[in-house]
Amino acid sequence: MKFSFLILSACVLGQLSTASADWPQWRGPDRNGSADASSELPDQLTEENAPVKLWESAGIPSDKDGGHGSVAIADGQVFISVVWHRNEPTETRQIDKDVLSTLGHRGTTGLDPEIVEKMEADRIGLSSRTRGAALDEWANEWIESNLDKKTQLSLGSWIKSRFIKGQAAIPLSVFDTLLTAPKEPFANQKALEAWVELQNFEPALKAQILSAVPNTKKVADDVVLCLNAETGEQIWKFSNPGSPSGRSSSSTPAVADGRIYAALSDNLYCLDVSTGEEVWKAPLTGKKGPASSPLVYEGKVYLQQGVLSAFDTLTGEELWQNKDVSTSNPSPSLWEGVILCNSKGKLLGVDAYSGATLWSVPGGGDGTPVVSGDIVVISSSLEGKNLIGYRMTDTSPSEIWSLDFLARRYGSSPIIYDGHVYYLGSERHSCISLESGEIQWEREAQSSISSPLIADGKLLVYENKGGFAAIIEATPEEYRNLGKTKIGALFCASPALVGRDLFLRTTESIACYRFP
């Protein structure tokens with residue numbers, strides 16, 4: 001089972017693409033954020049050499065209507081897989097999570113009941129004369145005095161919004177009642193109104209609840225689009241009836257040997273790259289609409305769908321499942337015939353051939369493991385170990401270092417380059433020694449979920465919720481920001497680079513920019 005990492009990389013590359021300068025899967029040719037050697041980024045990013053937009057595609061929904069999946073590029077074509085939601089008129093009515101979100105619901109899991117009681121009492125007791133800057137200052141002081149740092153990050157903005165709304169905010173007890181609403185839709189508006197009436201809400205509150213329930217229902221199609229990489233024009237579109245799965249459906253397709261593999265709402269699809277025709281589809285037996293992106297290796301497609309599944313690339317047959325893997329957001333990666341899976345609270349190594357669990361070590365989170373030689377680095381939501389370096393052995397990895405930092409999200413995947421780890425996420429930019437874990441430099445930054453890329457010794461990363469792309473020199477000597485440019489990207493998706501062309505997803509489309 002063991003062989004050198006360089007041979008493995010060549011094997012994976014050979015399967016994934018016939019062109020050298022492709023980005024055929026999640027995180028690029030080697031699944032580690034590194035662009036092909038022919039790709040280039042400018043030495044300085046100024047107004048004079050800012051990238052020029054070549055094209056922008058026709059409309060493609062995102063977020064709760066189309067997820068946050070990224071693009072793949074192969075042989076002059078751009079691919080994206082989308083669970084394409086739309087609204088259709090309906091007689092039925094339903095109080096679902098979207099309705100609750102519209103009304104301002106947010107779970108209070110992890111909050112001490114006494115703090116929740118105090119929060120509600122202080123909100124109700126706020127003087128109507130406390131407003132504007134004074135209210136803002138009061139709310140900030142309350143949050144600082146009553147919540148620990150971690151809770152401030154996760155719930156602080158929501159609690160502040162309730163203080164700003166004052167007595168107009170819907171009481172938490174009302175949300176508790178709404179959460180008991182039937183899971184099955186009400187037959188019609190009259191049935192919805194009858195249930196709301198039984199709850200004895202105040203008239204104004206009842207009207208607010210009823211107005212938040214739409215007279216439409218979500219339906220969805222599983223869609224894969226193929227666009228011309230030079231023009232953005234649609235070459236083909238595959239569409240099959242699917243199921244609404246919201247923003248959790250954020251998978252990036254993989255192109256290999258003339259086929260494209262896409263995990264959508266109900267099925268994993270294999271399509272012909274040239275025509276978009278279905279070769280096979282396999283039902284997802286775990287989480288519907290996963291965010292995990294398929295990994296293709298030696299005749300199998302691997303996917304984390306609440307379990308780790310291996311499918312035959314020729315037939316779509318599900319060959320095995322590993323139920324020790326229990327998440328559907330992270331994407332698997334490879335190390336010498338071992339499938340590396342971030343899962344709940346742990347990193348697992350799974351035999352690529354038999355599906356057997358080989359080992360399990362602390363980890364967990366949404367980031368993709370990245371490999372350099374015999375070292376694996378993961379970002380993790382595990383408390384106290386948010387970036388971990390492991391040295392791989394024949395038996396089980398041994399931790400060589402770990403770092404902890406407080407952040408709201410730990411979803412960005414790291415990059416390894418020239419003996420150093422670059423972590424550009426969780427509201428920070430960091431450079432860390434690969435061998436020792438020693439921090440070379442670190443800065444606060446407005447980079448959160450998206451995973452960066454590296455090309456030509458330079459890192460490209462989203463900032464300000466995707467509003468800008470910044471270029472940073474990949475050097476441990478000092479933090480060298482080489483400039484940034486406005487692009488308006490979908491900040492949860494990740495960029496792709498082929499040559500000098502930057503491909504990205506926006507909230508409503510795919511766009512291509514070219515560096516001069």
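R409 counts as partly exposed because its relative accessibility is 30%; here buried means under 20% relative accessible area, exposed means over 50%, and partly exposed lies in between, with a 1.4 Å probe and protein chains only. The areas come from the Shrake-Rupley method with a 1.4 Å probe, and for residues only the protein chains shown count as cover. This is a predicted model, in which local features need pLDDT of at least 70, side-chain atom pairs count only at pLDDT 80 or more, and totals for chains, interfaces and linings use all residues. Residues are numbered from 1 along each chain as its sequence is written, and side-chain values use heavy atoms, with hydrogens and water left out.

R409 sits in the loop between β21 (398-403) and β22 (415-417); strands are DSSP runs of E with at least two residues, helices are runs of H or I with at least four, and both are numbered from the N terminus. Together with R106, R408 and K465, R409 forms a patch of positive charge on the surface. Such patches take residues with over 30% relative accessible area and no salt bridge, and join like charges within 9 Å.

I turn next to S436. This serine belongs to the loop between β24 (428-433) and β25 (439-444), and its relative accessibility of 42% makes it partly exposed. Its side chain makes a polar contact of 3.1 Å with the side chain of S433; the term denotes a pair of N or O atoms within 3.5 Å, one able to donate a hydrogen and the other to accept it, and residues adjacent in sequence count only if both atoms are side-chain atoms. A polar atom of the S436 side chain also lies 3.2 Å from the backbone nitrogen of E438.

How many salt bridges does the structure hold? There are 23 salt bridges, each being a side-chain nitrogen of Lys or Arg within 4 Å of a carboxyl oxygen of Asp or Glu. One of them joins E230 and R514, at 3.4 Å from N to O. E230 is in the loop between β4 (216-228) and β5 (234-241) and R514 is in strand β32 (residues 510-514), so this pair ties together parts that are 284 residues apart in sequence.

Another salt bridge links D456 and K458 at 2.8 Å, N to O. D456 is partly exposed at 45% relative accessibility, whereas K458 is buried at 5%.

Terms used: Patch = residues over 30% accessible without salt bridge, like charges linked within 9 Å, V, L, I, M, F, W, Y side chains within 5 Å. Lys, Arg positive; Asp, Glu negative; His and termini not counted. Charge placed at Lys NZ, Arg CZ, Asp CG, Glu CD.
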